[in-house]
Amino acid sequence: MTASTIVLTGITTTGTPHLGNYVGAIRPAIEASHDRNVLPFYFLADYHALIKCQEPERVRQSTLEIAATWLALGLDTANAVFYRQSDVPEIAELAWLLNCVTAKGLMNRAHAYKAAVQANEDSGETDPDKGITMGLFNYPVLMAADILLFRARRVPVGKDQIQHIEMARDIAGRFNHLYGEHFVLPEAVVSEDTATLCGLDGRKMSKSYDNTIPLFAPEKTLRKLVMKIKTNSLQPGEPKDAETCSLFGIYRAFATRQETEALRADYAAGIGWGDMKNRLFEYLNDHLAAPRERYEALLQAPEKIEAALQDGAIRARTHSVPLMQAVRASVGIRPLAG
Ligand code: TRP
């Protein structure tokens, strides 16, 4: 048997999964989890959460909700290794060793850090590093450790993360050059064909815009939120443009091709916004009702989620413990006798 390709991605535990996360990241990852030619490593990046969020309850709640979401949607945990970052202590340990070979200048160029400095400068602040923690500054190194520790070849990420994968390659190359070929150079996998959804206000659906529809919002809330999605002032009977419409975009991300084409024809025929919103709500609700029920049941049984994560951590550590042992020895940290 040939070794499966390791595909790895992390989910930062600071929010509640929304429709945009589902379509853009969760659904493709869960589909891939059933493919026996790949060995997926999916993890809850709770150490990353601490970079942006110092509210302990929110970190805990988000970890619970994200794990419950992935399990409720049918993540194949017989194949995929599903774990919590903090349950694999080798990650933080490796991050330190990587810190010691990473040029500070490389980190100075990281987009997230540069954006924070820029925001300080724009606001007339005299200290460009005001409010910036070492966590934020160093975050690409922790991310490199996440990836390199499992010798992941492919890393599915959003466009905003490509630079971090390139940094992980740089760091891996430097470490390998100094201490031997421990690490595989990872590649970012950015899928062009996954949809991006618009949120309530018509901008991209994103936690930072506060315009999201939670994936497993209770039925009533889901209806209320769909009714709030911004539309234009065209009247029923007037032909409408499907392509530029948030409602259509969301529908299309869930529907079959035929259903989408049928709806497109209804737009041309002048479907009213009220009717369209009802139709979108009914459609989403039909599709989400069953996993939502499983999700709610899991939230009531956190011990099941915990057990799944512990199982994942055990599997993850069968990879990380031996690699870390070799890495530690190669830098000169090893027993003095025997
Ligand atoms: N930083 C990533 C994000 O914000 C999440 C993440 C953490 C990650 N570690 C990772 C993604 C390792 C891929 C690989 O989206």
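Trainee: How many aromatic pairs does the count come to here?

Mentor: Bearing in mind that this is a predicted model, the count comes to 14 aromatic pairs.

Trainee: Take Phe-41 and Tyr-83, then: what are the distance of their ring centres and the angle of their planes, and why is the pair classed as it is?

Mentor: The ring centres of Phe-41 and Tyr-83 are 6.2 Å apart and the planes stand at 80°, so the pair is edge-to-face, because planes over 60 degrees apart are put in that class.

Trainee: Switching to charges, how many salt bridges turn up in the whole structure?

Mentor: A search of the whole structure gives 15 salt bridges, and one of them joins the side chains of Glu-306 and Arg-84 at 2.6 Å, N to O.

Trainee: OK, domains now: what are the bounds, and how far apart are the centres?

Mentor: The domain assignment gives domain 1 as 3-195 + 302-331 and domain 2 as 219-297, and the C-alpha centres of domain 1 and domain 2 lie 34 Å apart. Their contact draws 10 residues from domain 1 and 8 residues from domain 2.

Trainee: How much area do domain 1 and domain 2 bury between them, and which residues of domain 1 lose the most?

Mentor: Between them, domain 1 and domain 2 bury about 720 Å², with 72% of it on carbon and sulfur atoms. On the domain 1 side, Leu-19, Arg-27 and Ala-72 lose the most area to domain 2, and together these three make up 55% of what that side buries.

Trainee: How many salt bridges and polar contacts are there across that interface?

Mentor: The count of salt bridges between domain 1 and domain 2 is 0, although 2 residue pairs are found in polar contact across the interface.

Trainee: Which elements of domain 1 give two or more residues to that side, and what is its make-up by class?

Mentor: Helix H1 (19-32) and helix H3 (56-72) are the elements that each give two or more residues to the side of domain 1 touching domain 2, and by class that side has 7 nonpolar, 1 polar and 2 charged residues.

Note on methods: Residues numbered from 1 in each chain as written. Predicted model: local features only at pLDDT ≥ 70, side-chain atom pairs only at ≥ 80, totals over all residues. Heavy atoms only, no water. Domains from an automatic or database assignment. Contact = heavy atoms within 4.5 Å. Buried area = accessible area lost by both parts, 1.4 Å probe. Salt bridge = Lys/Arg side-chain N within 4 Å of Asp/Glu carboxyl O. Polar contact = N/O pair within 3.5 Å; in protein donor to acceptor, adjacent residues only side chain to side chain. Helix = DSSP H or I, 4+ residues; strand = E, 2+ residues; numbered from the N terminus. Nonpolar A, V, L, I, M, F, W, Y, C, P; charged D, E, K, R; others polar. Phe/Tyr/Trp six-rings, centres within 6.5 Å; stacked < 30°, edge-to-face > 60°.
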